[in-house]
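Here is a short briefing on one helix and on charged side-chain pairs. Please keep the structure open while you read.

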Amino acid sequence: MSLPIYTVDAFCDRPFAGNPAAICLLDGDREAPDAKWMQTLAAEMNLSETAFVRAQGEAWSLCWFTPQAEVALCGHATLAAAHVLWETGRLATSAPALFDTLSGRLTATRAGEWIELDFPERREKPHADLPELFAALGVKPVYFGKNAYDFFVEVASEREVKELAPDFAALATLPVRGVIVTAAAPAASPYDFVSRFFAPGVGVPEDPVTGSAHCCLAPFWGEKLGKGEMVGLQASARGGTVKVRRAGERVILAGRAVTIVTGTLSAAAS
């Protein structure tokens, strides 16, 4: 049995920017492959996330794997999965994409050239200082916190965020998925805040654009800046733009996507 597979650049409007995700479309009429096979394929694809999508009634089951681990929430691969379903005609462009995941029901809708994702907030709380983390990042935080997945570090300037050169080996020993580092954007910037995200412990030294991190960034900066709608820049080498809008205990993330590779997986699960 062969399966269709795609590579999509998410949170960007041009090829070779944003965050690439592999999207594997599973056969809804067959039993889903086991997690070991999905993890092996994710390691083979060697992108920050490989997503597996399977028709399941009115919705689609969706799970995400880094090269080393399954994760509970991923924004860019969800956006990429919805993009593939609409682009290939598996879902009408006027219909929402409903995904059942480890983080519950997630919804993607079209808004012109943008795709909007309805995600849960993942707010952070203040955390006791971790000098070993600050040394690994080479920063003196303005604020330090932690949410369900990640450490959260605010620094004083956009320049500090952009010039970070972390010790990835040290970061990989931390008992979290990853580390969000962020600062307010300068007053003249088209962005409200900037960020970077590091997750070497799950096989992703630096993630180019991290939708799930914006589930924490949106409420943090929304309260600090007094805004309900903002635009974030993830200042990785590839770079990406994420629009965010707060909606109660939910966050609406918006981005664009570009298909880069369309192929067939010949070494599929039996």
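Helices (H or I, at least four residues) and strands (E, at least two) are DSSP runs, numbered from the N terminus. This is a predicted model: local features need pLDDT of at least 70, side-chain atom pairs count only at pLDDT 80 or more, and totals for chains, interfaces and linings use all residues. Residues are numbered from 1 along each chain as its sequence is written, and side-chain values use heavy atoms, with hydrogens and water left out.

**Helix H1**
- Asn46 follows H1 and has a positive phi, near 55°.
- H1 spans residues 35-45, and its buried residues (under 20% relative accessible area; exposed is over 50%, partly exposed in between; 1.4 Å probe, protein chains only) are Trp37, Met38, Gln39, Leu41 and Ala42.

**Salt bridges**
- A salt bridge puts a side-chain nitrogen of Lys or Arg within 4 Å of a carboxyl oxygen of Asp or Glu.
- The whole structure holds 17 salt bridges.
- Glu121, Arg123, Glu223 and Arg246 form a network of them.

**Selected pairs**
- Arg238 bridges to Asp9, with the closest N and O atoms 3.2 Å apart. Arg238 lies in the loop between strands E15 and E16 and Asp9 in strand E1, so the pair ties together parts 229 residues apart in sequence.
- Asp9 is buried at 3% relative accessible area, while Arg238 is partly exposed at 29%.
- Arg245 and Glu116 meet in a salt bridge at 3.5 Å, N to O. Arg245 sits in strand E16 and Glu116 in strand E8, 129 residues apart.
- Lys227 and Asp192 meet in a salt bridge at 2.5 Å, N to O. Both residues lie in loops, 35 residues apart.
- Lys227 is partly exposed at 37% relative accessibility; Asp192 is buried at 14%.
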